[in-house]
Every structure is written in C-alpha cells, then in structure tokens.
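Thanks for coming, everyone. Let me put the structure up, and then I'll walk you through it.

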Amino acid sequence: MSQKMFNQPISRRDLLKAAAGTAGALWAAACAPPAVAPTAPAKPAATAVSTPVPAVPAGPQGTVTLVHPQVIQTLDPNIGVVEVVRSVTGHMYDQILELTADGKVKPMLAESWKAIDPLTWEFKLRKGVKFHDGTPFNAEVMKFTIERILDTKYNSLQRTYWVALDSVTTPDENTCVIKTKTPMGTMPYTMALTTPVHPSVGKDPAGFPAKLIGTGPFKFVEWIKDDKIVMEAYDGYWAGTPKVKQIIFRTIPELSTRMSALEAGEVDIVLEVVPEDVKRITAKGTIDVQTVETFRTSWLWMNGQRKPFSDVKVRQAIQYAIDLDDIAKNIIAGVGFKARAPVAPKVFGFHPSLPPYTYDPTKAKDLLKEAGFPNGFETTIVGLAERGGYTRFGDAGEVVIDQLSRVGIKAKPIQEDPATANKNLLELNWDMTFAGSTAVTGDADNGMGRLYLCSAKRTGWCSDEVDKQLMIGRESTDQDARLKAYMAAQEILWREGPSYWIYHHYDTVAVNKRVKGFVGRSDRQLRARDTSL
Amino acid sequence: MGVPQLTMIRYLARKFLHAVLVVFGVMTLVFIILRLLPGDPAYVLAGPIATQEEVDVVRKALGIDRPIYIQYAYFLRQIATFDFGRSIYNNNVPALDLILERMPATLELVVPALILSVILAFLIGILSALRVGTWVDGLMAGLALAGQAAPSFWIGPMMIIVFARNLGWLPTFGRGGLANLILPIVTLSLPLFAVTMRMVRSGLLETMDKDYVRTARAKGVTEKLILVRHVLRNMLIPVVTYTGLQLGHLLSGSVIVETVFAWPGVGRLMVESITNRDYTVVQVSVVVFASLFVFINMIVDMLYVVIDPRVELA
C-alpha cells in the first residue's frame, strides 16, 4: 500500500460502489459454471448414455477418474508395496505373473512357469511385448528388474521377498531361470508383485519419475504431485488396445470431499467408502458400491514376551472374554466381518475350519484364577488411533476395554502418533496392540511368515513348531504341502492364542455406473485397465 | 540526501542480520525438537510390517544411526552450502525442490485470500463504523462473529456440500482453473476478514473521538477528508501489524484448507512430513516459512515509517 492511496480523497459513495462491485464480482463468479471443467466432463453420465453406442468401437474413448485417499510419494513399482503406488503403476506396467482380482496367479508377461527342481524355477516369457517407447521386453529385462530390487543402494522393501535368491540366468531371449539357495515356494506370488521396468532406469530411486515407461496398457502423460496422474491408452499393448482413452488418478485425502466429488460426477471410482455414506450415494441410482473381501486382517496382539501374557492361560482368558459378535454387529458392520484365522479367507493358506472361541466370561475368569490372577490385572492397549473410517480400531478398542474390565482386566488405552506407534510396535514396547496387515501377495507367507516367525520378533510370542511349519510353507514348492503346513501353523496359533483375530476387511469401492467392467480387488488395488464407458 | 540514505542502508543491514539470526535460531530449534520427538523415521519408512533388519537398513541409509551432534554438524554444513538435504520419505528427492514445486499452489490461495480479506475488511469495517449502531453494523458484527467462530475444517466441507455437490456451481476439489480457486479462497479468507474488519471498525470509532479530529471538524474540513487524512492513517498501524502477522497464519491455515480441498500445496506436504518424521522436509519448510514471516515483519516495520512520520528508523 503506497502513501499515495491515503492522500487521495475517497468518497463514501466510491467506497460503497467498490464494495458492491467486489461483492457482485464474487457472486457472479460463484454463479458462473465452472470455468475449467475439473477432470471428467461435468455431466459424464448423461453424455455417455446419450451417445449412440457404435457396433464396432472406434478405438479407446473417454476418461475414467479414480481417487485414492493415500498420497503418492513415488511411481516406482518395485520399491515398496504401498497400495496406491501399485494401483497407479498397475495401469502403466505389467507383472511377470498376474494376481487376479480374487487372488489367483495366472500368466501375464510370463506365459508359463514351472519348478524344475526345488531350487530352480523356469519362466517362459511372452514374445513380442514392447515397452511404450518400442524397446522389447525380454529375459534380460526381467533379470535387470530382479537385480535392481536386490541392489542395496536402491533400498527396495521388496528385497525381503527375495532373501533366498541365488542367481538369475537367461538361456535365451524368452527364458529366465532363477536359482535359489533354499527352496522358495512363494515364487509365483512374488512374481505377481515383480514389475519389469525399462532397462534405461537407473538404480537411484530419485531419478525414477522421469522415466515412466512400462509395458502396460496405459502410457504415462503427466504427474502433478499431490494432485493427479494422467495416463493414456497405449495402442501397441500386447493384449489389445484398452477401451478407455484416459485414466486419471486423483489424490483426495479428506473423506467428505471424496464423496462430494463422486456425487458431483467429477470422479468415477472411489476407495474406502464408509458404510454410513452408502445409502446416500446410491440413492440417485448413478453410483454402485462394490463390497470386496480383501487380503487384510486386523487383530489384537498380546505381547507374549511380557507378563502376564507369557502365560497361555491368560491369553486364552482374553480370547474367551471378548464378545466378537458384539463387535461384528456394532462396530465393523460394512467394513469387515468376523475373523476366523490370522489370514483372510481369500489368502492362499487360510484355515477354513478353526472353531471360534465362544464368548464365555465365566471361563475367562476361571482361566485367570488358574493363572494366578483371581482379581484380574492392569495393562495397556495401543493402536487405537482411528475412529470411524476404515479400521475402526478406536471404536473396537472401547468395546474390548469394556469387555475385558468385566473379567477384571483393566486395560488403559494409550494414544500415540504414527511415528511413535510404529517404533514401539516394532520394538515390542507394548502390552496389547491393535494392528492389521494386508497379505499383499495374497499368500500366507506374507500374512503369517512375516509376522509369526521367531526371527520376525513381531508378536512377542513364537514357537519352534510354528516356525517349522511356516518355513515349510515358505520353502516347499509343492503347493499342497504348503497348504498343509499353514493349516498346522494356524491350529497352533489358535490354541496358543497370542493374537485375538478381530476382523477380515472388506473394501467398499464406489463406482459411477457409466464405468463398465470395473472389478474391486482383494489386494486393495484400484484397477480400471479393463473398464469401458 | 546522503545521511538519510545511509541510515536506511544501515537500518536494512541490521534488520537483515537480525533476520538471518532468527531464521538460524528457528532452524536449530526445529532440528533439536524433531529429534527429541518420540518416533523414528526409519520405522515409518520401513512400514508397520517391516522386520528389525529392514528398519536397520533404512536407518543406516538415512544417516540417523549417527550421534545427534554429528547429525547437527552435517546439518550445519548443509545450510552453509545451501544444500538442504533430501526427503527421507519421497525417494531422496531434494527437500527444497519438494517445497518449491508446491509453493505456487499455496501462494495461489494465500495471496488472493489476503488481498480479498483486507479489501473487504476495510470496506465493510468503514461502513460499519459510519453506520455504528444501525442494522448494517449489527449484521456485519454477526457475520464477523460467525467468521471468527466457525473453523475452516467445518466451513470448507459445508461450502463443498452446498456450492459443489448440491448446486453444482463450482468444482469440489483440486487445483485447476479460476473456478477451483473460489471455495478454498473464501474459506481461507473468512477468519482473517472477520478479525480485520472488527479492528478497522473499532480503530475508526476510537480515532474519530480524538481531539485532532474535533479540531479538524472545527476548522471546517469535510468529513471525507477527515476520514481519509486523519482517521484512516492514524488507525492503520495496528491493522497493518495484525495483517502482516496474519499472513503467517494464512500460511498455516492453508494446511487445513489444502487438506479439505485436496489442494497440492506446502501445507499438506508439511503435515505429512511431520507425521512421517521426514526431518529434512520439515526443516526446510520451517526455514521457508520462518523466512517469509521475518521478511513480512521487516516490511511491516518499514511500512510504519510510511504510515506514521513520527516513527523513525533506528
């Protein structure tokens, strides 16, 4: 503000005029139709329906906009297992093998695979696959991709899936042979995570976003951080050109904004719809909500390293003291269902017939008495941060605390921010904790091997017998033997009760009905590769 | 001319030195506070399903396995060379780049919000003061109260529901054209408008009772001239001070507005970085914000001289 302004006389009328002008301009702007259409056309449903559907579609058409609540930090498909990153890159890249929506493994970039012997796997690769810039995909690229994941400088979290690897060789252009030091029964599921990247990408993750060249059905167009990622159909895709011309991923962290954007028709597909919203958003008939069983399970762990949870009787008492029906009915309805095992039913290795612990407070009290706690004890519970929304640990925690108090266990809730909570969790610095995990590969080795092995040091409880079974599960290349081993491991976990399994999660995905062919996935990825408008 | 110019240069030089010291102090404080906070970025980065080995690998890669004084020495070296380090969480991208690439989005909200709220605050504040005690004044007082009382995390979603979802006039979220700006800017400017408007109003009323105003009236100066020459200039200092400080608060207010409207700005980045213990990004954003704060205060100090000739550069 300059001095001049204050020296010029301003009349009251001028002031009022200016005020009216500003208000009027604002009003006009507010009333005007959006100057720039946000992402999708403003009334997509109407235009899509009114356009006559040609008998032979003339190439890819229209835009599908997906929303993920998570922020995208990287678009490097092999550095971690974050759902949103896999969702986005799943459109631009293919995997060696494909994990289907309900968790089965089938051919993708590899047409066939087999275990020649327990330590040797052979993958026959699809011929004629090209990256978006024309570079051919071959066995060398596959070798490069795996070696990149293993490079310590690159620091990939997927490295742990490959601890058994010995060597990768390429006898010819379309054959890749993988030797392991110990048998690796998880190989097919690991290959469903392994995403061949363009041979020109280096091993420095910082340089990655500049080189988003994949073999998938969509080509990278632009990435505006924290805002959107745009991709367009690749006409040279080996499985045929996609039907949709453009795929856009948007980041909307706030739940109510996500829902409003969906209802306003600005976006098409939204993850993590809460049950309270379902009735409203489906009322108009333009939006469908899909409920999908996922690979995710949540539980209440008891730290078996600490007293009194080192006593199996105390752990079992807690199993009997919690009324899971109550939680299932009042807390998790719509976001999950009663858990019966440490991994979800869709995960390979799930035990379908473990008898659930019945709600029996009297038996719980008896067990506590036998363990030497006739009047119960005091303890703490962590991990209760989220209320409402997706995990609902906060809400479930209140019910659990109340139910435990009825058998004399006074559990005090402790709130921690994520960084502190993660540290304490991994250092076993807790009595009881709510936690959950998605078996990202759809295999019990990911859901159980990582958590219940003694070497994992995660629950504070472990046993040689469980370790033995989990190692058979990890190493055997005979899928039936693996299944048997996981059954045995789960039976022991059930008996010993170090973990109170609470619920297997659903994913609720809202889809605008103009999008056809979208299928929600158990691994919690959003994939619109095969959709049409 | 030589002496006042020299005074000005000396004044500016001293202010600048002050500013540098303040920013350095803030940086050191933030460095210490971040490391005193419980929680460990390695655990966040490795994720909740990581093993101890994975965490150790990450911690070593980040250099946070070293003693804190060594980390501080590295930190000082980084500052001296203007290399502010790389983001722990964003794949080693330089932290300053992360902030600078999001800065335009934040300024796109903050600057218009500041201008809009100040202009409206003056217009309506003056109107209220001139019409003191009437229904106009009452209505505006009510508006100001509502603007101050209603938090932006409530106003924002309400605006979205009314203007975007139900009426369909404006987009619900995201950065894009002019239409995308309206809801977030209005949400952001409302609290600042409310307070500034009340300050303008009470400042005017207070000044209008002063002796020199009465003298001016006695001399026969018109009401218009009294308002502009005598009243407005004399009540400006507190308003300018407050508005300068508010720019800082607008920046922090943008944290909520950016989250509600899915706006890709610095505020959201900062919150995520604090939750993730992304030390470098938090440090750099604090440096940027602190520098902005200090810079604005310098401007405010200099404005005093322009507004009130009695204030001297000392």
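What is the mean pLDDT of chain B, and what share of its residues reach 70 or more? The mean is 82, and 93% of the residues in chain B get to 70 or more. Remember that this is a predicted model. For the model, ipTM is 0.75 and pTM is 0.77.

Now chain A. Its average pLDDT is 84, with 87% of the residues scoring at least 70. Two stretches need a caution. Residues 1-12 of chain A have a pLDDT below 50, and in the model this stretch has 19 contacts beyond near neighbours in sequence. Residues 18-54 of chain A are also below 50.

Next, a sheet. Chain A has an open sheet of 4 strands, in the order 4-5-7-6, with antiparallel pairing. Which strands stand at the edges? Strand 4 (110-117) and strand 6 (165-172) of chain A do. Each has a single partner strand, so one side of each is left without a neighbour in the sheet. From one strand to the next, the twist averages 20°.

Look at one pairing in detail. Strand 4 and strand 5 (residues 120-125) of chain A are joined over 6 bridges, in the antiparallel sense. One residue pair to find on screen: Ala110(A) has Leu125(A), in strand 5, as its bridge partner. As a reminder, strands of a sheet pair through backbone hydrogen bonds, either parallel or antiparallel.

A helix goes with this sheet. Helix 5 (residues 139-150) of chain A lies across strand 5, strand 6 and strand 7. Against strand 6 of chain A, helix 5 runs at about 165°.

Zoom in on strand 7 (residues 175-180) of chain A, where we find Thr175(A). Is Thr175(A) buried or exposed? The relative accessibility of Thr175(A) is 2%. Buried means under 20%, so Thr175(A) counts as buried. The side chain of Thr175(A) has a polar contact with the Lys124(A) side chain, at 2.9 Å. Another polar contact, also listed at 2.9 Å, links the side chains of Thr175(A) and Asp172(A). Setting aside neighbours within four places in sequence, the contacts of Thr175(A) include Glu122(A), Phe123(A), Ala139(A) and Thr169(A). Cys176(A) is buried too, with a relative accessible area of 0%.

On to another helix. How many of the residues of helix 4 (residues 83-92) of chain A are buried? The count is 10 of the 10, so helix 4 is largely enclosed by the rest of the structure. Among the buried residues are Glu83(A), Arg86(A) and His91(A). What covers them? The cover includes strand 1 (61-68), strand 8 (218-224) and strand 9 (228-233) of chain A. It also includes strand 10 (244-251) and strand 16 (432-438) of chain A.

Last, the cysteines. How many disulfides does a search of the whole structure find? There is 1 over all chains. It is formed by Cys454(A) and Cys462(A), with the sulfur atoms 2.1 Å apart. The torsion about the S-S bond is about 100°, so this disulfide is right-handed. Cys454(A) is partly exposed, at 24% relative accessible area. Cys462(A), at 34% relative accessibility, also counts as partly exposed.

That's my tour. Over to you for discussion.

Note on methods:
Residues are numbered from 1 along each chain as its sequence is written. Chains are lettered from A and ligands numbered from 1 in the order in which they are written. This is a predicted model: local features need pLDDT of at least 70, side-chain atom pairs count only at pLDDT 80 or more; totals for chains, interfaces and linings use all residues. Side-chain values use heavy atoms; hydrogens and water are left out. Buried means under 20% relative accessible area, exposed over 50%, partly exposed in between (1.4 Å probe, protein chains only). Helices (H or I, at least four residues) and strands (E, at least two) are DSSP runs, numbered from the N terminus. Contact means heavy atoms within 4.5 Å. A polar contact is a pair of N or O atoms within 3.5 Å; within protein, one must be able to donate a hydrogen and the other to accept it, and residues adjacent in sequence count only if both atoms are side-chain atoms. Two strands pair if DSSP finds at least two bridges between them. Axes are lines fitted to C-alpha atoms, for helices over the stretch in contact, and angles run from 0 to 180 degrees between N-to-C directions. pLDDT is the predictor's confidence in each residue, from 0 to 100. A disulfide is a pair of cysteine sulfur atoms within 2.5 Å.
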